Amino acid sequence: MKKMIVTLVAMMAVTFSFAETNSNNVDRRFDMSCNMDVETIHDNFNNELKSLASVRGPIQRHMVHQAVRKDAQKMKNVLNKEQFGLYMRIMLNTLRNRQL
């Protein structure tokens, strides 16, 4: 009788520890949270560029350059190296296409 109880307790302990590990893995796999800093940084950058629409000439070009530099510094802190490289390629191509 003692052996049966010890075996039952051991089997339950192994089962519970296995189930606990799987539930933690499932929770991490389905975690879809994202860093909202990227959205905030991008919104600030868009607002800066919209405010520069009324400025003309070399001052506008200089101000756009400063806004892009500030945006790049903030994004570099938030994104990893691969994401940042892709972001900058897209950003620079977009600015070139819009002749900014």
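Predicted model: local features only at pLDDT ≥ 70, side-chain atom pairs only at ≥ 80, totals over all residues.
The protein chain contains 4 helices and 0 strands, and from the N terminus on its elements follow the order α-α-α-α. Of its 100 residues, 16% count as buried. The accessible surface of the protein chain amounts to about 8700 Å², with 60% of this area belonging to carbon and sulfur atoms. Among contacts in the protein chain with a separation of 6 or more, 47% are accounted for by residues 24 or more positions apart.

In soluble globular proteins, nonpolar side chains tend to be buried together. In the present model, the largest nonpolar core comprises 14 residues, among which M75, F84 and Y87 touch the most other members. Two or more residues of this core are given by each of helix 2 (37-51), helix 3 (58-78) and helix 4 (81-97). When residues up to four places away in sequence are not counted, Y87 touches H42, D71, M75 and L79.

The volume of the largest cavity is about 50 Å³, and its lining is formed by I41, N44, F45, E48, A67, K70, D71 and K74. By class, the lining consists of 3 nonpolar, 1 polar and 4 charged residues.

How values were computed:
Residues numbered from 1 in each chain as written. Heavy atoms only, no water. Core = buried A, V, L, I, M, F, W, Y, C linked by side-chain atoms within 4.5 Å. Buried < 20%, exposed > 50% of the residue type's maximum accessible area, 1.4 Å probe, protein only. Contact = heavy atoms within 4.5 Å. Areas by Shrake-Rupley, 256 points an atom, 1.4 Å probe, with all protein chains shown as cover. 1 Å grid on protein atoms, 1.4 Å probe; cavity = no way out; pocket = protein on both sides within 12 Å on 5 of 7 lines; lining within 4 Å. Points joined across faces, edges and corners; volume = space filled by probe spheres on them. Nonpolar A, V, L, I, M, F, W, Y, C, P; charged D, E, K, R; others polar.
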